[in-house]
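Welcome! Let us take a walk through this structure together, one piece at a time.

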Amino acid sequence: MARFASHLRSLIDNFMPATCVACQRPASLLCQNCIETIEWVEAPRCERCDSAEIHLSHCQRCQTPISPFQAATYFTDPIRPAVHALKYTQTAAVGKSLGEIMARAWPTWRTRADIITPVPLHPERQRERGYNQSELIAEQFAQQTDIPMRHDILFRVRHTRPQVGLQGKSRRDNVRGAFQAVEPVVRGKHILLIDDVLTTGATLTESAETLYRAGAQSVTAFCLARTPTFPLIS
Ligand SMILES: [Zn+2]
Ligand SMILES: [Zn+2]
């Protein structure tokens, strides 16, 4: 029975939509045509001097701050239906494809990262859902970029309401004190947080503050997609 269950699990893990989630042509997750229409976010440039030499959320040349939270693509078609596919299938195969898309964009970013960590879910929420979708994406991203991924440095210690439906400040209040970091591992490290969709950055801000309190040298975030309205400089 256990063997059957694990066989079933691996079948589900490898489940892929049989048609492109954006145009319904036969393809797994996204067809080549739709992949070519992905709206990539250009690597950040300094607003003041236009330099592309961004280092750890500052312009190297003139020290103007740049948002430490970035994303590979915009949360528009065909990425939007692909993220929804990850939500409803919760399968490793879909996460893997999305992690690959993110990894493709990574070489243009000049962020230093010693360790990757996905934004964690509360253990109970993860049990309910079966998966943490950020983790599914992060696993493949870590593999392709050769940045070690750790599951044991950041934990969600408090239940929070889903951020959907909450506005700016209430989103921030909702996640305040929600995380805990493991100090000996975090101290002195450049940490890269991975998440699926960057909306207001409230969860990432709270995660980053927790990691800084635990002694992180720098904390940046790279997400699969960002909503077009995400404020890049705050
Ligand atoms: Zn398509
Ligand atoms: Zn500059």
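The paragraphs below visit a sheet and then some helices.

This is a predicted model, in which local features need pLDDT of at least 70 and side-chain atom pairs count only at pLDDT 80 or more, while totals for chains, interfaces and linings use all residues. Residues are numbered from 1 along each chain as its sequence is written, and chains are lettered from A and ligands numbered from 1 in the order in which they are written.

Start with an open sheet of 4 strands, in the order E3-E8-E7-E4 with parallel pairing. Strands (E, at least two residues) and helices (H or I, at least four) are DSSP runs, numbered from the N terminus, and two strands pair if DSSP finds at least two bridges between them. E3 (69-74) and E4 (115-118) are the edge strands; each has a single partner strand, so one side of each lacks a neighbour in the sheet. From one strand to the next, the twist averages 25°. E7 (residues 190-198) and E8 (residues 218-226) pair in the parallel sense over 8 bridges, and His-190 stands opposite Ser-218 in E8.

Now for the helices. H6 (residues 133-145) lies across E4, E7 and E8, at about 125° to E7. H9 lies across E3, E7 and E8, at about 165° to E7. Such angles run from 0 to 180 degrees between N-to-C directions, with axes fitted to C-alpha atoms, for helices over the stretch in contact. Contact means that C-beta atoms, placed from the backbone, lie within 7 Å.

Finally, the axes of H7 (residues 168-175) and H9 (residues 202-213) come within 8 Å and cross at roughly 40°. Arg-171, Arg-172 and Val-175 of H7 make the contact with Ala-202, Thr-203, Thr-205 and Glu-206 of H9.

Terms used:
Two residues are in contact if their C-beta atoms, placed from the backbone, lie within 7 Å.
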